[in-house]
Amino acid sequence: MKTRVDDFLPFLIDRFFYCIITRSFFIPSRPPFNYVQTMKRSSTIYLDHASGTNLLPEVKSRISEWLDSGIVNPSSIHQEGRRSAAELDEARTSIAEMLGCKSSEILFTSGATEANNLAILGTAEALRNKGLHIITCATEHPSVLESHKALEKNGFQVTYLNVDKNGDVDPEEFSARLTDDTILASFMWVNNETGLMHPIEELAQMAHKRGSRFHCDAVQAFGHIPMQMQNSGIDSLALSGHKLGAPAGIGVLYLRKGHTISRNSFGGSQEQNVRAGTQNHLGAKALATAIKYHVAHLDVNTKKYVELSEHIQNQLKELPGIQINRYGKQYTPNILSCSFKHVDGEALFIRLDMQNIAVSNGAACSSGSQSPSHVLTALGFDENLAQASLRISMGIETTRHEIDDFCRELKQIVTSIYREIK
Ligand SMILES: Cc1ncc(COP(=O)(O)O)c(C=O)c1O
């Protein structure tokens, strides 16, 4: 028979690594839950696909073939280099076809963070003589918000539009804030924490009417919203490989022809002389394959996510203290945010983690501190409610069975927490 020390050992090991990873020293504020009862499940329930999703089978099955054909620098002028460059162009052309644009408008980057940085900093610098005003939104991804903060330090004035309690921006307010001095507006298509969609094409048209350029972070939208760049009004758009079933380390920046940006990396003249550095040739092939898959399966995957989302919501709405963060607006069906009133968010998250359930919590882990999510606080959540929030995000491999397991485990955890705090 196991001793109690043995029973606690997995928890202590887990906490040790948790503290190392988060660089925080969490001591549960509500100790009385029984770790023995919450021993780890043997299989993981993975509902964090918006953070990163597995390689698509279409990509996985071809990776070793691509590796076998050799990793050759596409800028080399020998035969092998030329073959590599041709393959890179093939990937570029395929992505351009899927996005309804020209292949010269597709630039490969290391991911969406770099694509957002390049577009925002590069547009501002290129248009500095025309104006110094820029507009974005309080609920954008840090790669967008931090780019704007860098611009503020560099003499630009940034308006951070607030959102209402649903997370919506008010297009009329946006229109009113555009001035002759506005050179750039930047909005995400789908929010990565709530799944809320912004009316991107309407906002882009408004920006253009006032002579401003428009950038869109479409990381969480691709594969869920049909996307054709021509006539969209979008001047630049960012995509990320590891959200789509390609490996991490590859992304795309769509840059409309005629929209010139300043470069902010220096070296070679790769990627239209905008992004220096040897391209991730293997990643580009994987991303082109993944993008093609998502375009071909948009309808069937959407249908599946809608069904799973309804299924999960029907079960979750029975849980004590739950608030499902959807307000009849437009959401992508693969992301669901929910919060638990009067619950210690960290304890909730740890119990889920102990059960091998991977979801995101309502905290942004930055500089080692678990601060409440800036998105949820912008929606008016207090610190506790934001911390006691979960983002459940599904991927193409998510099954109804996995959702049922998740709901059952979550119900047990939440019910036991409420029992303890009564
Ligand atoms: C909306 C959004 N934008 C940008 C990024 C950054 O993407 P990457 O990891 O490719 O840099 C993410 C990643 O989570 C995201 O969700």
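I started at Cys216, whose bridge partner in strand 7 is Leu237. Strand 6 (residues 213-217) and strand 7 (residues 236-240) are parallel, with three bridges between them. My terms: strands (E, at least two residues) and helices (H or I, at least four) are DSSP runs numbered from the N terminus, and two strands pair if DSSP finds at least two bridges between them.

This is a predicted model, where local features need pLDDT of at least 70 and side-chain atom pairs count only at pLDDT 80 or more, while totals for chains, interfaces and linings use all residues. Numbering runs from 1 along each chain as its sequence is written.

Next I traced the whole sheet: seven strands, open, order 2-8-7-6-5-3-4, mixed pairing. Strand 2 (106-109) and strand 4 (157-161) are at the edges with a single partner strand each, so one side of each has no neighbour in the sheet. The twist averages 20° from one strand to the next; axes are lines fitted to C-alpha atoms, for helices over the stretch in contact, and angles run from 0 to 180 degrees between N-to-C directions.

Then I looked up helix 5 (residues 142-153), which lies across strands 3, 4, 5 and 6 at about 155° to strand 3. Contact here is C-beta atoms, placed from the backbone, within 7 Å.

Methods
Two residues are in contact if their C-beta atoms, placed from the backbone, lie within 7 Å.
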